[in-house]
Amino acid sequence: MQELHWGLPVIGYLFLAGVGAGAYTVSATTLLRAGANGRQGDNFDIARYGALLAPLPLIVGTGMIIFELGTFQAAVANGDIGLFFRWINLFLTINMSPMSIGSWVLGVCILASVVYAYTFLSEKSRPDDDNKDLRRKLAWVGIPLGISVAIYTGVMLGAVPARPFWNTPMLALLFLVSSLSTGVAGILLLRALFAHGQDAQAGEATTDLDNSGYMLATSDVKLICLELLAIVLFILFAKLTVGNASEAISIILPGGALATMFWGGVVVIGLVLPVLIELKYVIPTLRNQQPYAMPRGTEIAVCAVILFGGFMLRYVVVAAGQMTGPMGL
Amino acid sequence: MKATTTTISRRELVGKIGKGATLAVAATAVSGQAKAAIAQRPVHYAMVIDTRKCSGCHACSIACKTEFEVPLGVHRSWVEYVEKGTYPNVSRSFLPRLCNHCEEPDCVSVCPTGATYKRKEDGIITVDPEICIGCKYCMQACPYDVRFVNPNTGTVQKCDFCLHRVTKGLEPACVNTCQGRARVFGDLNDPNSEVAKLVATEPVTVLRQEMGTKPNVFYIGADHADENDLRVAGQYVRVDTHRPALERR
């Protein structure tokens, strides 16, 4: 058994940062493009839920990686106060290390997402209220920031040739698409948990809610299909080479130690299952213009499996990268 | 008069061409700077390990442990036992391991705080314990698995060629103690040094050359075999290492 230098805290961080960055990006694009129909103020509820969601996983995830730092663990073990805040050193310098650039981008992204969430905090938030200008500025900032955070996690793993499983540009793309998809799922989940109850009382607003639900579900179908494509390319390019990458990828191929976890957890439960359920409700609307209505329970279940799949993807990738290495010596 | 002017201008022209040529040479030199930098470093420390002289006695591992008070379970330097073949065609060889102090170290380029760096004066790669945060990124990046987190300090440590000894003119502790004189340490820039002579005259190899890190630890007669290499030959191979996982990466 190999040592996993990066364990659950890092896996959890990669997943949570992905959800937060994805939610911020999706919220910002929805606010600016109004769900691609160009009418200002449409789908404002999606933007609001995304904005309120984003800082939470970003901050919790960032807190988790601090637990993985050797100095923090030694500080806990030895009661050395000075070591608790050793991570400040990350922000006393900047260099070309993906982790250095990533830390700065992550720090800025958290700050921006907190202020962005603040502009949506009031339940009376409207597309044309007093916070309008600040909100739109932070949305413009948020798209590149969210995408950068989502990509950097993949670049950070991909930058080390000593880990052939990670050392591919496809990983950054895979993590980006997964971030956006889990971000959408996070927003859908929040809406399913909190918005349905309000609208059942309001009665009339249900159509608006279903419209935005349809937009989210269709986006999610596209993102998950893209993610499946990214996974196919990720495996193909590793398998088609000879040597380190080809040997490393076999850990998730049939017969490999992580094959069940990958194909069962990531592909079937995390991607294929939710996309099939979403298609069942999306296709009638798409082809026959029937009203879109996904039951609340189904919506929650779909979001849960997508989020589970996102977590499993980080788990399998982080573990597989450390369980495999270059061949020979 | 006119002719004179022409002559002068020709002279100037020749001069200019000469200057241009000088500049071009300079430019070529700059483009080859990366390679030249190795030679330009005042001291270029390297180690040659003659595995034919190694008996696997672990004196180097112990000397290193003693020198740095390395905690239990982690190692700056250790010896691997490579056992292969089926009776009666068998072999057992020893492979002393330590940081390779690579010319192109991946660990240095990924360090987010600049805590790990390659010294400009002698090429030794070391970790500043006051700056390191223990993020373990360098441990992921090192193809040789020579780095570890010291459980007492939480910072990453590894072999530093006994920086505190070599800067005072002493040999590293492992070299000093080696019973068979298998480990040789010195300055590659000095053509009369034993390491320079060995690297020039012996068939030396480095570990995981394909990673492109250009190690500064050279081996003579090393058996690089591991399970992956000889799987195709259907040979039994067992590598005993002293990493906590008891297994090479």
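Between chain B and chain A, 21 residue pairs are in polar contact, both residues at pLDDT 80 or more. A polar contact here is a pair of N or O atoms within 3.5 Å; within protein, one must be able to donate a hydrogen and the other to accept it, and residues adjacent in sequence count only if both atoms are side-chain atoms. Please keep in mind that this is a predicted model: local features need pLDDT of at least 70, side-chain atom pairs count only at pLDDT 80 or more, and totals for chains, interfaces and linings use all residues. Residues are numbered from 1 along each chain as its sequence is written, chains are lettered from A and ligands numbered from 1 in the order in which they are written, and side-chain values use heavy atoms, leaving out hydrogens and water.

Let's stay with the side of chain B that touches chain A. Here β3 (89–97), α4 (106–110), α5 (137–141) and α9 (227–231) of chain B each supply at least two residues. Helices (H or I, at least four residues) and strands (E, at least two) are DSSP runs, numbered from the N terminus. Which element gives the most to that side? That is α5(B), with four residues.

The contact (heavy atoms within 4.5 Å) takes 45 residues from chain B and 40 residues from chain A. There is one salt bridge across the interface, joining the side chains of Lys136(B) and Glu68(A) at 2.9 Å, N to O. The rule asks for a side-chain nitrogen of Lys or Arg within 4 Å of a carboxyl oxygen of Asp or Glu.

Now to helix α4 of chain A, residues 70–78. Its buried residues (under 20% relative accessible area, 1.4 Å probe, protein chains only) are Gly70(A), Thr71(A), Phe72(A), Ala74(A) and Ala75(A). What do they pack against? Their partners are α3 (55–68) and α5 (81–84) of chain A, together with β6 (148–149) of chain B. Just after α4(A), Gly79(A) has a positive phi of about 65°.

Last, the inside. The largest nonpolar core has 97 residues, of which Trp6(A), Tyr116(A), Leu157(A), Phe165(A) and Ile252(A) touch the most other members. Such a core is a set of buried Ala, Val, Leu, Ile, Met, Phe, Trp, Tyr and Cys residues joined through side-chain atoms within 4.5 Å. Not counting residues up to four places away in sequence, Phe165(A) touches several residues, including Phe234(A), Ile249(A) and Val317(A). Chain B itself has nine helices and eleven strands, and 51% of its 249 residues count as buried.

Conventions: Buried means under 20% relative accessible area, exposed over 50%, partly exposed in between (1.4 Å probe, protein chains only).
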